[in-house]
Amino acid sequence: MINDSTLISELERRFNDNKKVIAELEELTEQLKAVNKKLEESESLKSYFISNIRNEIINPFTSILNLSKQISSMSDIEKAKKSADLIYGEAFFLDFQLKNIFAAAELEAGETYPQIYSVNVVSTVQNLLDSYQSSIASKKLDIVISSSVANDFTFKSDPGKLTLIYSNLLNNAILFSKEGGKIEITLSFEYESMVFTIKDFGIGIEQDKVKLIFDRFKRLDNTINTLSSGYGLGLSVTKAITDMLNGTISVESEVGNGATFTVMIPDVHMDIEATGTAIDENGMLF
Amino acid sequence: MDKYYLYPATLFASDVSYEVTTVLGSCVAVCLWDNVKQIGGINHYMLPLWNGQGLATPKYGNIATEKLLQRMLELGCSKSNITAKIFGGGEIIDTQISSFNIGERNIQMAKETLAELNIPIVGLSVGGKLGRKIIYFTESGKVLHKFIEKTLGNS
(Lines give C-alpha, C1' and ligand atoms only; values in the text may rest on other atoms or scores of the structure.)
Protein backbone atom coordinates (compact mmCIF):
# COMPACT_ATOMS: atom_id res chain seq x y z
CA MET A 1 0.00 0.00 0.00
CA ILE A 2 1.51 3.34 -1.04
CA ASN A 3 0.47 6.42 0.84
CA ASP A 4 0.31 9.90 -0.64
CA SER A 5 3.53 11.21 0.87
CA THR A 6 5.65 8.31 -0.45
CA LEU A 7 4.06 8.80 -3.81
CA ILE A 8 4.80 12.52 -3.80
CA SER A 9 8.38 12.07 -2.66
CA GLU A 10 8.90 9.42 -5.34
CA LEU A 11 7.47 11.76 -7.95
CA GLU A 12 9.70 14.56 -6.68
CA ARG A 13 12.72 12.29 -6.87
CA ARG A 14 11.92 11.38 -10.45
CA PHE A 15 11.38 15.00 -11.40
CA ASN A 16 14.72 15.90 -9.87
CA ASP A 17 16.43 13.07 -11.72
CA ASN A 18 14.88 14.35 -14.88
CA LYS A 19 16.13 17.85 -14.19
CA LYS A 20 19.62 16.51 -13.60
CA VAL A 21 19.56 14.63 -16.90
CA ILE A 22 18.37 17.73 -18.71
CA ALA A 23 21.07 19.84 -17.08
CA GLU A 24 23.71 17.30 -18.09
CA LEU A 25 22.35 17.22 -21.59
CA GLU A 26 22.49 21.00 -21.79
CA GLU A 27 26.06 20.97 -20.61
CA LEU A 28 26.98 18.35 -23.21
CA THR A 29 25.29 20.37 -25.91
CA GLU A 30 27.31 23.40 -24.88
CA GLN A 31 30.51 21.36 -25.06
CA LEU A 32 29.50 20.03 -28.46
CA LYS A 33 28.86 23.55 -29.69
CA ALA A 34 32.29 24.64 -28.48
CA VAL A 35 33.99 21.72 -30.26
CA ASN A 36 31.98 22.46 -33.38
CA LYS A 37 33.11 26.06 -33.36
CA LYS A 38 36.71 24.97 -33.02
CA LEU A 39 36.30 22.62 -35.97
CA GLU A 40 34.82 25.35 -38.12
CA GLU A 41 37.68 27.64 -37.16
CA SER A 42 40.26 25.03 -38.02
CA GLU A 43 38.57 24.39 -41.37
CA SER A 44 38.77 28.04 -42.31
CA LEU A 45 42.35 28.24 -41.07
CA LYS A 46 43.17 25.24 -43.19
CA SER A 47 41.92 26.85 -46.37
CA TYR A 48 43.78 29.99 -45.41
CA PHE A 49 46.84 27.81 -44.97
CA ILE A 50 46.43 26.23 -48.39
CA SER A 51 46.04 29.57 -50.14
CA ASN A 52 49.02 30.82 -48.18
CA ILE A 53 51.16 27.90 -49.28
CA ARG A 54 50.01 28.39 -52.84
CA ASN A 55 51.12 32.03 -52.75
CA GLU A 56 54.40 31.07 -51.21
CA ILE A 57 55.21 28.61 -53.95
CA ILE A 58 53.57 30.06 -57.04
CA ASN A 59 54.59 33.68 -56.56
CA PRO A 60 58.31 33.04 -56.30
CA PHE A 61 58.07 30.63 -59.22
CA THR A 62 56.35 33.22 -61.38
CA SER A 63 59.09 35.73 -60.57
CA ILE A 64 61.79 33.19 -61.36
CA LEU A 65 60.18 32.31 -64.69
CA ASN A 66 59.73 35.93 -65.73
CA LEU A 67 63.16 37.07 -64.62
CA SER A 68 64.97 34.20 -66.29
CA LYS A 69 63.04 34.79 -69.52
CA GLN A 70 64.08 38.44 -69.47
CA ILE A 71 67.72 37.58 -68.85
CA SER A 72 68.01 35.58 -72.06
CA SER A 73 67.18 38.69 -74.10
CA MET A 74 69.33 41.12 -72.11
CA SER A 75 72.45 42.62 -73.62
CA ASP A 76 73.41 44.72 -70.62
CA ILE A 77 75.50 42.46 -68.40
CA GLU A 78 74.97 44.61 -65.28
CA LYS A 79 71.21 44.42 -65.67
CA ALA A 80 71.44 40.69 -66.18
CA LYS A 81 73.48 40.36 -62.99
CA LYS A 82 70.78 42.19 -61.05
CA SER A 83 68.11 39.89 -62.41
CA ALA A 84 70.26 36.88 -61.57
CA ASP A 85 70.50 38.17 -57.99
CA LEU A 86 66.73 38.49 -57.83
CA ILE A 87 66.30 34.97 -59.20
CA TYR A 88 68.71 33.69 -56.60
CA GLY A 89 66.74 35.45 -53.85
CA GLU A 90 63.42 34.00 -54.99
CA ALA A 91 64.87 30.52 -55.46
CA PHE A 92 66.55 30.66 -52.06
CA PHE A 93 63.29 31.60 -50.42
CA LEU A 94 61.38 28.92 -52.31
CA ASP A 95 63.92 26.32 -51.25
CA PHE A 96 63.57 27.43 -47.63
CA GLN A 97 59.77 27.26 -47.73
CA LEU A 98 59.78 23.84 -49.37
CA LYS A 99 62.16 22.55 -46.69
CA ASN A 100 59.67 23.68 -44.05
CA ILE A 101 56.71 22.18 -45.87
CA PHE A 102 58.45 18.82 -46.29
CA ALA A 103 59.71 18.89 -42.70
CA ALA A 104 56.15 19.50 -41.50
CA ALA A 105 54.84 16.63 -43.64
CA GLU A 106 57.54 14.25 -42.37
CA LEU A 107 56.96 15.24 -38.75
CA GLU A 108 53.23 14.73 -39.10
CA ALA A 109 53.78 11.34 -40.71
CA GLY A 110 56.07 10.35 -37.83
CA GLU A 111 58.77 9.44 -40.32
CA THR A 112 61.59 11.66 -39.17
CA TYR A 113 63.88 10.92 -36.25
CA PRO A 114 67.11 12.38 -34.84
CA GLN A 115 70.26 11.51 -36.78
CA ILE A 116 73.03 12.27 -34.35
CA TYR A 117 76.47 13.48 -35.40
CA SER A 118 79.09 15.86 -34.04
CA VAL A 119 77.98 19.39 -34.83
CA ASN A 120 80.29 22.36 -35.02
CA VAL A 121 77.81 25.00 -34.02
CA VAL A 122 79.97 28.05 -34.80
CA SER A 123 80.50 26.99 -38.40
CA THR A 124 76.84 25.96 -38.69
CA VAL A 125 75.76 29.47 -37.76
CA GLN A 126 78.47 31.03 -39.94
CA ASN A 127 77.38 29.01 -42.97
CA LEU A 128 73.81 29.99 -42.32
CA LEU A 129 74.69 33.68 -42.20
CA ASP A 130 76.67 33.30 -45.43
CA SER A 131 73.65 31.78 -47.15
CA TYR A 132 71.48 34.69 -45.99
CA GLN A 133 74.10 37.24 -46.99
CA SER A 134 72.11 38.79 -49.82
CA SER A 135 68.95 39.40 -47.77
CA ILE A 136 71.04 40.70 -44.87
CA ALA A 137 72.84 43.08 -47.22
CA SER A 138 69.70 44.26 -48.98
CA LYS A 139 68.15 45.24 -45.63
CA LYS A 140 71.49 46.71 -44.46
CA LEU A 141 71.31 44.71 -41.26
CA ASP A 142 74.04 44.63 -38.67
CA ILE A 143 74.57 41.09 -37.36
CA VAL A 144 76.37 40.87 -34.02
CA ILE A 145 77.51 37.45 -32.84
CA SER A 146 78.82 36.87 -29.35
CA SER A 147 79.93 33.36 -28.66
CA SER A 148 81.31 31.87 -25.47
CA VAL A 149 82.20 28.60 -27.18
CA ALA A 150 85.42 27.94 -29.08
CA ASN A 151 85.33 27.99 -32.87
CA ASP A 152 86.08 24.27 -33.00
CA PHE A 153 83.59 23.35 -30.27
CA THR A 154 81.34 20.43 -31.17
CA PHE A 155 78.41 18.74 -29.50
CA LYS A 156 76.26 15.75 -30.46
CA SER A 157 72.99 16.53 -32.17
CA ASP A 158 71.19 16.34 -35.51
CA PRO A 159 72.93 18.89 -37.77
CA GLY A 160 70.20 19.04 -40.42
CA LYS A 161 67.44 19.65 -37.91
CA LEU A 162 69.53 22.14 -35.98
CA THR A 163 70.17 24.10 -39.16
CA LEU A 164 66.46 24.22 -39.95
CA ILE A 165 65.69 25.53 -36.44
CA TYR A 166 68.34 28.24 -36.66
CA SER A 167 67.44 29.21 -40.21
CA ASN A 168 63.76 29.66 -39.33
CA LEU A 169 64.69 31.92 -36.44
CA LEU A 170 67.17 33.86 -38.54
CA ASN A 171 64.68 34.16 -41.38
CA ASN A 172 62.08 35.61 -39.00
CA ALA A 173 64.57 37.97 -37.42
CA ILE A 174 65.56 39.31 -40.84
CA LEU A 175 61.95 39.54 -41.97
CA PHE A 176 60.77 41.49 -38.95
CA SER A 177 63.79 43.78 -38.69
CA LYS A 178 63.56 47.34 -39.91
CA GLU A 179 65.97 48.42 -42.61
CA GLY A 180 69.34 49.26 -41.10
CA GLY A 181 68.43 47.37 -37.94
CA LYS A 182 70.48 45.06 -35.79
CA ILE A 183 70.27 41.34 -35.02
CA GLU A 184 72.12 39.91 -32.03
CA ILE A 185 73.03 36.22 -31.89
CA THR A 186 74.59 34.59 -28.85
CA LEU A 187 75.99 31.09 -28.56
CA SER A 188 76.85 29.36 -25.31
CA PHE A 189 77.02 25.88 -23.87
CA GLU A 190 75.35 25.61 -20.47
CA TYR A 191 74.00 22.67 -18.45
CA GLU A 192 75.01 20.20 -21.17
CA SER A 193 72.92 22.15 -23.67
CA MET A 194 73.66 24.32 -26.67
CA VAL A 195 72.00 27.66 -26.09
CA PHE A 196 71.26 29.83 -29.12
CA THR A 197 69.55 33.19 -28.74
CA ILE A 198 68.59 35.56 -31.50
CA LYS A 199 67.30 39.05 -30.87
CA ASP A 200 65.83 41.40 -33.41
CA PHE A 201 64.72 44.98 -32.86
CA GLY A 202 61.71 44.83 -35.15
CA ILE A 203 57.97 45.07 -34.72
CA GLY A 204 57.73 42.58 -31.84
CA ILE A 205 54.82 40.41 -30.76
CA GLU A 206 51.91 41.31 -28.50
CA GLN A 207 51.99 39.61 -25.10
CA ASP A 208 48.73 37.71 -25.52
CA LYS A 209 49.83 36.40 -28.89
CA VAL A 210 53.24 35.15 -27.83
CA LYS A 211 51.94 31.72 -26.94
CA LEU A 212 50.11 31.36 -30.24
CA ILE A 213 53.11 31.75 -32.48
CA PHE A 214 54.08 28.09 -32.45
CA ASP A 215 50.58 27.18 -33.61
CA ARG A 216 50.39 25.51 -36.98
CA PHE A 217 48.06 27.70 -38.98
CA LYS A 218 48.41 30.94 -37.13
CA ARG A 219 49.97 33.99 -38.52
CA LEU A 220 49.45 36.86 -36.16
CA ASP A 221 48.64 39.50 -38.70
CA ASN A 222 46.75 38.21 -41.70
CA THR A 223 47.07 41.57 -43.36
CA ILE A 224 50.84 41.50 -43.71
CA ASN A 225 51.14 41.39 -47.44
CA THR A 226 54.48 39.78 -48.00
CA LEU A 227 55.51 36.67 -49.81
CA SER A 228 56.80 35.25 -46.59
CA SER A 229 54.93 33.14 -44.11
CA GLY A 230 56.56 35.01 -41.26
CA TYR A 231 55.48 33.44 -38.01
CA GLY A 232 53.66 30.71 -39.88
CA LEU A 233 54.48 27.11 -40.63
CA GLY A 234 58.17 27.73 -39.93
CA LEU A 235 57.76 28.22 -36.21
CA SER A 236 55.53 25.20 -35.71
CA VAL A 237 58.14 23.12 -37.54
CA THR A 238 60.82 24.70 -35.37
CA LYS A 239 58.89 23.82 -32.22
CA ALA A 240 58.24 20.23 -33.28
CA ILE A 241 61.88 19.63 -34.21
CA THR A 242 63.08 21.21 -30.96
CA ASP A 243 60.78 18.83 -29.06
CA MET A 244 62.17 15.89 -31.01
CA LEU A 245 65.71 16.85 -30.00
CA ASN A 246 64.53 17.10 -26.36
CA GLY A 247 65.17 20.82 -26.45
CA THR A 248 63.18 23.86 -25.42
CA ILE A 249 62.30 27.06 -27.23
CA SER A 250 61.02 30.26 -25.68
CA VAL A 251 60.33 33.80 -26.79
CA GLU A 252 60.31 37.16 -25.08
CA SER A 253 58.91 40.14 -26.85
CA GLU A 254 57.44 43.57 -26.50
CA VAL A 255 55.51 45.36 -29.21
CA GLY A 256 57.83 47.74 -31.03
CA ASN A 257 60.86 46.42 -29.22
CA GLY A 258 61.64 43.29 -31.16
CA ALA A 259 61.71 39.68 -30.06
CA THR A 260 64.25 37.35 -28.51
CA PHE A 261 64.06 33.64 -29.23
CA THR A 262 66.06 31.22 -27.11
CA VAL A 263 66.62 27.60 -28.12
CA MET A 264 68.31 25.06 -25.85
CA ILE A 265 69.29 21.74 -27.40
CA PRO A 266 70.82 19.15 -25.06
CA ASP A 267 73.98 17.29 -25.98
CA VAL A 268 73.23 13.66 -26.77
CA HIS A 269 76.03 12.19 -24.69
CA MET A 270 74.94 8.60 -24.43
CA ASP A 271 73.61 5.84 -26.57
CA ILE A 272 69.90 6.48 -26.69
CA GLU A 273 69.16 2.76 -26.72
CA ALA A 274 70.80 2.40 -23.34
CA THR A 275 68.47 4.80 -21.60
CA GLY A 276 67.50 2.23 -19.01
CA THR A 277 68.93 -0.74 -17.19
CA ALA A 278 67.04 -3.98 -17.04
CA ILE A 279 65.97 -4.89 -13.53
CA ASP A 280 64.87 -8.41 -14.27
CA GLU A 281 66.91 -11.11 -15.94
CA ASN A 282 64.27 -12.49 -18.23
CA GLY A 283 61.94 -10.60 -20.45
CA MET A 284 58.30 -11.48 -20.87
CA LEU A 285 56.72 -12.33 -24.15
CA PHE A 286 53.44 -10.72 -25.16
CA MET B 1 66.27 -9.53 -39.30
CA ASP B 2 66.52 -5.79 -39.73
CA LYS B 3 66.53 -3.66 -36.62
CA TYR B 4 64.87 -0.32 -36.02
CA TYR B 5 64.99 1.99 -33.04
CA LEU B 6 61.70 3.82 -32.61
CA TYR B 7 61.98 7.36 -31.28
CA PRO B 8 59.24 9.11 -29.34
CA ALA B 9 56.67 10.91 -31.51
CA THR B 10 57.36 8.64 -34.48
CA LEU B 11 55.79 5.51 -35.88
CA PHE B 12 56.92 2.52 -37.91
CA ALA B 13 55.19 -0.13 -39.99
CA SER B 14 56.67 -2.64 -42.40
CA ASP B 15 55.66 -5.63 -44.49
CA VAL B 16 59.08 -7.18 -44.09
CA SER B 17 60.39 -8.68 -40.88
CA TYR B 18 61.73 -6.05 -38.46
CA GLU B 19 62.82 -6.00 -34.85
CA VAL B 20 61.65 -2.65 -33.47
CA THR B 21 63.01 -1.50 -30.12
CA THR B 22 61.64 1.34 -28.05
CA VAL B 23 61.95 2.56 -24.47
CA LEU B 24 58.85 3.74 -22.63
CA GLY B 25 58.33 5.74 -19.47
CA SER B 26 55.03 7.55 -19.26
CA CYS B 27 54.76 7.24 -23.04
CA VAL B 28 52.59 4.58 -24.60
CA ALA B 29 53.31 2.35 -27.59
CA VAL B 30 50.47 0.72 -29.50
CA CYS B 31 51.50 -2.34 -31.54
CA LEU B 32 49.12 -3.27 -34.34
CA TRP B 33 49.38 -6.60 -36.15
CA ASP B 34 47.54 -8.10 -39.09
CA ASN B 35 47.54 -11.85 -38.48
CA VAL B 36 46.70 -12.72 -42.09
CA LYS B 37 49.26 -10.54 -43.87
CA GLN B 38 51.69 -10.84 -40.94
CA ILE B 39 52.40 -7.14 -41.07
CA GLY B 40 53.12 -5.16 -37.92
CA GLY B 41 53.30 -1.51 -36.99
CA ILE B 42 54.06 0.39 -33.81
CA ASN B 43 53.84 3.95 -32.53
CA HIS B 44 55.29 5.73 -29.51
CA TYR B 45 53.38 8.74 -28.25
CA MET B 46 54.07 11.12 -25.42
CA LEU B 47 50.79 12.92 -24.76
CA PRO B 48 47.18 11.76 -25.01
CA LEU B 49 45.47 14.35 -27.14
CA TRP B 50 46.35 16.83 -29.86
CA ASN B 51 44.63 20.07 -28.94
CA GLY B 52 44.78 21.63 -32.40
CA GLN B 53 47.97 23.57 -31.70
CA GLY B 54 51.28 22.99 -33.41
CA LEU B 55 51.82 20.19 -35.88
CA ALA B 56 49.53 17.15 -35.74
CA THR B 57 52.42 14.75 -35.15
CA PRO B 58 52.30 11.22 -33.70
CA LYS B 59 53.48 12.79 -30.45
CA TYR B 60 49.78 12.66 -29.54
CA GLY B 61 47.87 9.44 -28.87
CA ASN B 62 44.79 10.13 -30.93
CA ILE B 63 46.87 11.12 -33.97
CA ALA B 64 49.49 8.37 -33.52
CA THR B 65 47.09 5.42 -33.48
CA GLU B 66 44.95 6.65 -36.35
CA LYS B 67 48.04 7.36 -38.46
CA LEU B 68 49.48 3.95 -37.66
CA LEU B 69 46.27 2.22 -38.74
CA GLN B 70 46.27 4.28 -41.93
CA ARG B 71 49.87 3.21 -42.65
CA MET B 72 48.91 -0.45 -42.07
CA LEU B 73 45.97 -0.17 -44.45
CA GLU B 74 48.28 1.37 -47.06
CA LEU B 75 50.49 -1.71 -46.70
CA GLY B 76 47.50 -3.86 -47.62
CA CYS B 77 46.21 -4.84 -44.17
CA SER B 78 42.51 -5.27 -43.45
CA LYS B 79 41.09 -3.65 -40.38
CA SER B 80 39.14 -6.78 -39.46
CA ASN B 81 42.38 -8.79 -39.15
CA ILE B 82 44.17 -6.28 -36.96
CA THR B 83 44.69 -6.73 -33.25
CA ALA B 84 46.46 -4.46 -30.78
CA LYS B 85 48.83 -4.64 -27.83
CA ILE B 86 49.48 -1.70 -25.51
CA PHE B 87 52.60 -0.97 -23.47
CA GLY B 88 53.90 1.80 -21.23
CA GLY B 89 52.09 4.57 -19.42
CA GLY B 90 54.08 4.23 -16.21
CA GLU B 91 54.04 6.87 -13.49
CA ILE B 92 57.53 8.06 -14.26
CA ILE B 93 58.71 11.35 -12.88
CA ASP B 94 59.58 13.08 -16.07
CA THR B 95 61.18 16.46 -16.39
CA GLN B 96 60.06 16.84 -19.99
CA ILE B 97 56.36 16.46 -19.36
CA SER B 98 55.01 18.21 -16.32
CA SER B 99 51.32 17.33 -16.67
CA PHE B 100 49.70 15.27 -13.98
CA ASN B 101 48.86 11.60 -14.42
CA ILE B 102 50.18 11.60 -17.94
CA GLY B 103 50.83 7.85 -18.02
CA GLU B 104 47.30 6.98 -16.97
CA ARG B 105 45.81 9.40 -19.51
CA ASN B 106 48.01 7.98 -22.26
CA ILE B 107 46.77 4.46 -21.48
CA GLN B 108 43.17 5.65 -21.45
CA MET B 109 43.62 7.30 -24.82
CA ALA B 110 44.98 4.07 -26.35
CA LYS B 111 41.99 2.11 -25.07
CA GLU B 112 39.47 4.69 -26.22
CA THR B 113 40.98 5.12 -29.69
CA LEU B 114 41.18 1.36 -30.24
CA ALA B 115 37.60 0.89 -29.04
CA GLU B 116 36.43 3.57 -31.48
CA LEU B 117 38.32 1.86 -34.29
CA ASN B 118 36.91 -1.54 -33.26
CA ILE B 119 40.36 -3.04 -32.85
CA PRO B 120 40.55 -5.68 -30.11
CA ILE B 121 43.30 -5.44 -27.48
CA VAL B 122 44.93 -8.85 -27.15
CA GLY B 123 47.75 -8.01 -24.78
CA LEU B 124 48.93 -5.25 -22.54
CA SER B 125 51.41 -4.26 -19.90
CA VAL B 126 50.66 -0.77 -18.70
CA GLY B 127 50.94 1.50 -15.67
CA GLY B 128 53.06 0.87 -12.61
CA LYS B 129 56.11 2.76 -11.43
CA LEU B 130 58.68 1.35 -13.85
CA GLY B 131 59.80 2.07 -17.35
CA ARG B 132 59.75 -0.56 -20.05
CA LYS B 133 61.91 -1.64 -22.94
CA ILE B 134 60.04 -3.51 -25.62
CA ILE B 135 61.16 -5.27 -28.77
CA TYR B 136 58.40 -5.74 -31.32
CA PHE B 137 58.73 -8.42 -34.00
CA THR B 138 56.64 -7.08 -36.85
CA GLU B 139 56.27 -10.42 -38.65
CA SER B 140 55.03 -12.50 -35.71
CA GLY B 141 53.35 -9.69 -33.79
CA LYS B 142 55.18 -10.85 -30.65
CA VAL B 143 56.59 -8.41 -28.13
CA LEU B 144 59.55 -9.03 -25.85
CA HIS B 145 59.10 -6.90 -22.76
CA LYS B 146 61.42 -5.93 -19.92
CA PHE B 147 60.92 -3.62 -16.98
CA ILE B 148 63.67 -1.07 -16.57
CA GLU B 149 64.65 1.69 -14.18
CA LYS B 150 64.40 4.82 -16.25
CA THR B 151 67.56 6.84 -16.26
CA LEU B 152 66.67 9.49 -18.80
CA GLY B 153 63.49 11.46 -19.17
CA ASN B 154 63.24 11.20 -22.93
CA SER B 155 60.00 9.30 -23.06
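Me: Is the crossing of H3(A) and H5(A) left-handed or right-handed?

Reply: The crossing of H3(A) and H5(A) is right-handed. Keep in mind that this is a predicted model. By class, the contact of H3(A) with H5(A) has 6 nonpolar, 3 polar and no charged residues.

Me: Which residues of H3(A) and H5(A) meet there?

Reply: From H3(A) you have Thr124(A), Val125(A) and Leu128(A). Facing them in H5(A) are Pro159(A), Leu162(A), Thr163(A), Tyr166(A), Ser167(A) and Leu170(A).

Me: At what angle do helix H3 and helix H5 of chain A pack?

Reply: Helix H3 (residues 121–131) and helix H5 (residues 159–176) of chain A pack at about 50°, and their axes are 10 Å apart.

Me: What makes strand E2 and strand E6 of chain A edge strands?

Reply: Strand E2 (142–147) and strand E6 (248–253) of chain A each pair on one side only. They belong to an open sheet of 5 strands in the order E2-E4-E5-E7-E6 (chain A), with mixed pairing. Direction ignored, neighbouring strands of this sheet are turned by 15° against each other on average.

Me: How do you know that strand E4 and strand E5 of chain A pair?

Reply: At least two bridges are needed for a pair, and strand E4 (residues 182–190) and strand E5 (residues 193–200) of chain A have 8 bridges, in the antiparallel sense. Take Glu184(A): its bridge partner in E5(A) is Lys199(A).

Me: How many bridges join E6(A) to E7(A)?

Reply: There are 6 bridges between E6(A) and E7(A), and the two run antiparallel. Ser253(A) stands opposite Ala259(A) in E7(A). E6(A) and E7(A) form a hairpin with 5 residues between them, and Gly256(A) in the turn has a positive phi of about 85°.

Me: Over to chain B. Why is H1(B) called oblique to H2(B)?

Reply: The axes of helix H1 (residues 61–74) and helix H2 (residues 102–116) of chain B come within 9 Å and cross at roughly 40°. The roughly parallel label stops under 35 degrees and the roughly perpendicular one starts at 65, so H1(B) is oblique to H2(B). The crossing of H1(B) and H2(B) is right-handed. By class, their contact has 3 nonpolar, 5 polar and 1 charged residues.

Me: What makes Ala9(B) count as buried?

Reply: The cut-off is 20 or more other C-beta atoms within 10 Å. Ala9(B) has 26, so Ala9(B) is buried. Ala9(B) lies in the loop between strand E1 (2–5) and strand E2 (10–14) of chain B. Ala9(B) also has a positive phi of about 70° although it is not a glycine. Most residues other than glycine have a negative phi.

Me: What is the order of the 5 strands in the open sheet of chain B?

Reply: The order is E2-E5-E4-E6-E7 (chain B), and the pairing is mixed. E2 and strand E7 (121–126) of chain B are the edge strands, as each pairs on one side only. Within the sheet, 7 bridges join E4(B) to strand E6 (residues 82–88) of chain B, which run antiparallel. Val28(B) stands opposite Gly88(B) in E6(B).

Terms used: Residues are numbered from 1 along each chain as its sequence is written. Chains are lettered from A and ligands numbered from 1 in the order in which they are written. This is a predicted model: local features need pLDDT of at least 70, side-chain atom pairs count only at pLDDT 80 or more; totals for chains, interfaces and linings use all residues. Axes are lines fitted to C-alpha atoms, for helices over the stretch in contact, and angles run from 0 to 180 degrees between N-to-C directions. Helices (H or I, at least four residues) and strands (E, at least two) are DSSP runs, numbered from the N terminus. A crossing is left-handed if the near helix is turned anticlockwise from the far one by less than a right angle, and right-handed if clockwise. Two residues are in contact if their C-beta atoms, placed from the backbone, lie within 7 Å. Ala, Val, Leu, Ile, Met, Phe, Trp, Tyr, Cys and Pro count as nonpolar, Asp, Glu, Lys and Arg as charged, and the others, Gly among them, as polar. Angles under 35 degrees count as roughly parallel, over 145 as roughly antiparallel, 65 to 115 as roughly perpendicular and the rest as oblique. A residue is buried if 20 or more other C-beta atoms lie within 10 Å of its own, exposed if 12 or fewer, and partly exposed in between; C-beta atoms are placed from the backbone.
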